[in-house]
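Subject: Two-chain model, handover and findings

Hello,

Please find the structure below, passed on to you for your own work. My notes on it follow.

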Amino acid sequence: MLNFIFRRFLQAIPTLLVLTMLTFALMYMAPGSPFLTEKGMPEEVLANINAKYHLDLPVWEQYLIYLGNLVQGDLGPSFRYLDFSVNDLVWPSLAVSATIGAWSLLIAVTLGITMGMIAALNHNKWMDYTLMTTAMAGIVLPTFVMAPLLVLLLSYKVKLLPAGGWHDGDWQYLVLPVFAMATHLIAQIARITRGSLIEVMSSNFIRTAQAKGLPYRTIILRHAFKPMMLPVVSYLGPLFVGVLTGSVIIDVFFGTGGIGQHFVNGAINRDYSMVMGVTVLVGVMYIAFNAVTDIIYAYIDPKIRY
Amino acid sequence: MNKTKLLQSMLLASAVAATSFAPQVLAANVPAGTKLADVQEFVRDNGAEPGTLDPQKIEGVPGANIARDLFEGLMNQARNGDEMPGVALGYTTNDNNTVYTFNLRKDAKWSNGDTVTAHDFVYGWQRAVDPITASPYSWFIEIPGISNASAIIAGDKAPSELGVRAVDDYTFEVTLDAPIPFFAKMVTHATLFPAHRATIEAHGDKWTQPDNIVTNGAYTLSDWRVNERMVMTRNSNYWNDSETVVNKVTYLPIEAASASLARYRADELDFGYFPTEQIKQLREEMGDEIYITPKLCTYYYIMNVEKAPFDDVRVRKALSYAIDRDIITEHITATGQMPAYGLTPDITNNFSPKAPAYAGMTQAQRNEAAAALLAEAGYSDSNPLEMNLLYNTSEGHKKIAIAISQMWKQAMPVDTTLENQEWKTYLSTRNEGNFSIARAGWCGDYNEASTFLDLLGSGDNDGNYVNQEYIDLMKSAKSMADPSANYNRAEEILAEDMPIIPIYQYTGVNLIKPRVGGFAYDNPEGNVYTRDVYIKAD
């Protein structure tokens with residue numbers, strides 16, 4: 001297993017190098033630049049700014065400077081938020097997004113799997129239909145509809161919870177963003193779980209277990225649960241990073257200060273170092289979580305060996 | 001009494017008046033009998049997160065809003081846009097208006113207790129032009145022509161050679177290359193605020209963080225969470241702190257108008273915005289909380305006059321005439337905007353632009369004239385004018401572009417293809433002149449017509465429009481006591497040459513809770529000072 005982790009680590013280096021190179025190139029190919037404004041500015045002013053941020057150097061040289069700083073953990077200065085470095089901005093905002101994401105996932109996984117299992121075990125009965133209709137509603141209601149709906153109901157009609165803000169993650173401020181984000185996930189996970197469990201329940205080894213006269217509980221928890229989780233885990237693996245690194249809709253609508261907004265605004269404002277910083281961060285997380293998913297796979301599926 | 005003496009005595013009188021009646025004019029003016037709320041907290045949407053809080057680098061509206069609460073310049077702005085005393089009690093000028101001497105109040109203090117002196121202004125202004133600061137707004141010091149500003153920005157002279165001087169601790173002198181009558185208006189801008197040298201030298205780019213910042217305005221920064229909130233509390237060392245009412249100001253950087261409305265409705269904002277397409281419904285729901293006021297901004301289309309067919313003035317005029325601005329302001333933007341026929345908005349201080357002749361025609365007459373002009377330029381049903389109309393991606397701009405292209409099509413043989421680009425791409429396309437006709441908009445940097453008319457006052461504009469008479473007029477207007485005649489002639493030239501198509505004058509559309517008093521929502525530039533605000537008891 002250690003050998004496997006070490007190999008994955010070595011593979012990550014060229015992947016990240018290609019990722020930074022591509023992002024850097026694409027960003028510089030996009031029209032416009034960080035300091036381009038509607039009125040424009042005198043050339044000397046622009047020259048001073050370009051000199052300060054090394055934008056006057058050839059692109060390959062800028063890239064090398066960037067890589068040099070990156071290996072020391074320095075993501076560079078933000079071109080949009082002049083009073084901050086990218087490091088100052090991404091870590092606190094990642095913490096916000098990760099908190100919302102982790103709670104959403106926890107709720108989504110717990111409720112989703114429970115709902116999916118109940119539906120599967122009551123296959124084609126009223127319980128199944130009710131749960132799956134609810135799940136379908138969750139799937140078709142995207143976050144940008146859920147968020148204003150929740151605010152309308154719980155902040156405006158019934159003044160129960162704040163409509164936005166973060167306040168260091170006080171629970172009142174956490175509830176609406178978490179639910180807005182989790183609804184869709186609960187529904188997806190419930191559907192995948194249901195499908196998977198129905199399939200598992202009709203497989204030979206379950207029939208054997210039933211023939212042996214094992215209690216129903218044991219069949220489900222000991223024999224069906226692990227194989228049922230395979231498609232759920234492969235869905236959750238990549239989703240995990242996406243959820244932890246935030247949603248721009250949640251950030252914009254609830255004003256949480258999460259990292260999703262930095263990603264989108266970074267691109268819109270041509271904040272080169274911000275785009276690079278967030279891309280590298282998300283890239284590293286994807287690589288790490290893919291490795292974790294593979295390890296979990298090996299644990300739940302005896303057919304897989306590394 | 002010569003002009004300077006007269007001015008001096010007037011200013012002295014106004015300075016004395018300002019000092020003796022300071023509470024009435026410079027802080028919250030709470031009407032007698034108003035019951036104030038126990039909790040004096042004001043929460044406002046600021047539209048976006050500012051790029052910086054460093055006054056010398058601030059370039060956008062969100063940053064400027066905050067800077068007015070944290071810092072104070074030589075002069076402040078009154079509700080109607082006039083300048084009024086700030087750190088300076090008043091100023092005098094020499095005979096030809098090239099040397100301005102500001103007399104600073106002695107009780108102005110920084111939040112750490114240091115006195116605000118003329119040296120702080122010298123340092124701040126030198127810093128603004130210093131290439132090392134690399135301020136995106138350093139050109140603001142070039143506009144009034146402060147001596148050597150351009151050479152310092154270009155790296156040819158040292159910042160210490162800027163035409164500013166501390167005659168003594170409380171006398172600040174500015175030397176301009178040429179007389180600028182409206183210079184005192186410009187010093188209300190953040191770029192020309194003072195700077196606290198010790199703080200900046202100790203903390204570098206991080207000096208604006210809550211733990212480091214030293215301010216001289218009514219408030220000081222206590223918390224800053226990027227994209228979430230910024231909290232300010234009273235600066236007890238501010239010279240007029242005793243007349244300030246609001247204790248805590250929170251700025252929320254809410255970009256989406258729908259989110260702003262949601263939080264306003266949830267009673268989390270005292271001041272917010274809303275999606276303007278919801279105006280009808282909101283008028284019924286909360287009509288008395290909606291404030292619509294004219295703003296110092298113009299919406300227009302710019303044409304690339306070097307590129308056929310826009311090198312032909314007849315084509316440019318035809319396109320301008322055939323736009324029915326009333327339909328756009330009444331049915332599309334529909335929040336009180338005024339049709340525009342010139343570049344300068346009507347509310348500009350000390351200048352009432354004369355409407356050009358075509359503004360007085362009926363739309364039917366304009367359409368007829370437009371069709372004739374286009375026919376004269378050689379276009380017909382068999383040979384229609386074909387062009388691309390560029391705008392930056394936004395629903396609002398799209399609606400206007402669709403309406404205008406239809407108006408053109410109905411009035412004359414014109415086929416327009418709409419093209420939208422995201423903001424920076426659009427700016428780059430405009431900047432490089434790769435367009436035929438494009439949307440544009442401009443808000444004044446200061447309340448004087450030249451902030452608009454100067455846009456076309458050199459060859460350096462996106463549409464490549466050059467008219468020597470216009471350039472000369474704008475140049476000579478700089479030193480005139482009353483440049484109105486020049487400005488009117490400049491507007492006349494714009495109507496004759498039509499390098500741009502003015503469409504409408506913007507309005508500010510805000511939601512303000514009834515409990516808020518003293519909020520200067522009607523300031524033409526949207527310049528509000530929270531120290532004027534108070535919260536009434538319910």
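Two residues are counted as in contact if their C-beta atoms, placed from the backbone, lie within 7 Å. On that basis, 39 residues of chain B are in contact with 37 residues of chain A. Please keep in mind throughout that this is a predicted model.

The interface, from the side of chain B

Three helices of chain B each supply at least two residues of the side that touches chain A: H5 (139-142), H9 (257-265) and H15 (423-431). Of the elements on this side, H15(B) gives the most, with seven residues. By residue class, the side of chain B that touches chain A divides into 16 nonpolar, ten polar and 13 charged.

Chain A overall

Chain A has twelve helices and zero strands, so written from the N terminus its elements run α-α-α-α-α-α-α-α-α-α-α-α. Its C-alpha atoms fill a box of roughly 85 × 55 × 30 Å along the principal axes. Of the 306 residues of chain A, 38% count as buried. Among the contacts in chain A with a separation of 6 or more, 72% come from residues 24 or more positions apart.

Helices of chain A

Helix H3 of chain A covers residues 59-71. At 1.5 Å a residue, its 13 residues should span 18 Å, and the end C-alpha atoms are 18 Å apart, which agrees. Just after H3(A), Gly73(A) takes a positive phi of about 85°.

Two packed helices are described by the angle between their axes and the distance between the axes. For helix H7 (residues 171-201) and helix H9 (residues 216-244) of chain A, the angle is about 145° and the axes are 9 Å apart. The crossing of H7(A) and H9(A) is right-handed. On the H7(A) side, the contact is made by Ile189(A), Ile192(A), Thr193(A), Ser196(A), Leu197(A), Val200(A) and Met201(A). H9(A) contributes Ala224(A), Pro227(A), Met228(A), Pro231(A), Val232(A) and Tyr235(A). The residues of this contact divide into eleven nonpolar, two polar and no charged.

Phe254(A) is placed in helix H10 (residues 248-254) of chain A. The cut-off for buried is 20 or more other C-beta atoms within 10 Å; Phe254(A) has 30 C-beta neighbours inside 10 Å and therefore counts as buried. Not counting residues up to four places away in sequence, Phe254(A) touches Ala147(A), Gly164(A), Leu176(A) and Pro177(A).

Ile259(A) is found in helix H11 (residues 259-268) of chain A. With 30 other C-beta atoms within 10 Å, Ile259(A) is buried. Leaving aside neighbours within four places in sequence, Ile259(A) is in contact with Val90(A), Ser93(A), Leu94(A), Ser97(A), Thr245(A), Gly246(A) and Val278(A). From Ile259(A) to Ala98(A) the C-alpha distance is 8.9 Å, although the two are 161 residues apart in sequence.

Chain B overall

Chain B contains 18 helices and 19 strands. Its radius of gyration is 24 Å, close to the 24 Å that the globule rule gives for 538 residues, so chain B is as compact as a globular protein of that length. Along the principal axes, the C-alpha atoms of chain B fill a box of roughly 75 × 55 × 45 Å. Of its 538 residues, 51% count as buried. Among contacts in chain B between residues at least 6 apart in sequence, 69% join residues at least 24 apart.

An exposed loop residue of chain B

Pro514(B) lies in the loop between strand E17 (500-512) and strand E18 (516-517) of chain B. A residue is exposed if 12 or fewer other C-beta atoms lie within 10 Å; Pro514(B) has 11 and is therefore exposed. Beyond its neighbours within four places in sequence, Pro514(B) is in contact with Asp288(B) and Glu289(B). The C-alpha atoms of Pro514(B) and Tyr504(B) are 30 Å apart, for ten residues along the chain.

Regards

Note on methods. Residues are numbered from 1 along each chain as its sequence is written. Chains are lettered from A and ligands numbered from 1 in the order in which they are written. This is a predicted model: local features need pLDDT of at least 70, side-chain atom pairs count only at pLDDT 80 or more; totals for chains, interfaces and linings use all residues. Axes are lines fitted to C-alpha atoms, for helices over the stretch in contact, and angles run from 0 to 180 degrees between N-to-C directions. Helices (H or I, at least four residues) and strands (E, at least two) are DSSP runs, numbered from the N terminus. A crossing is left-handed if the near helix is turned anticlockwise from the far one by less than a right angle, and right-handed if clockwise. Ala, Val, Leu, Ile, Met, Phe, Trp, Tyr, Cys and Pro count as nonpolar, Asp, Glu, Lys and Arg as charged, and the others, Gly among them, as polar. The radius of gyration is taken over C-alpha atoms; the globule rule is 2.2 Å times the number of residues to the power 0.38. The expected span of a helix is 1.5 Å times one less than its number of residues.
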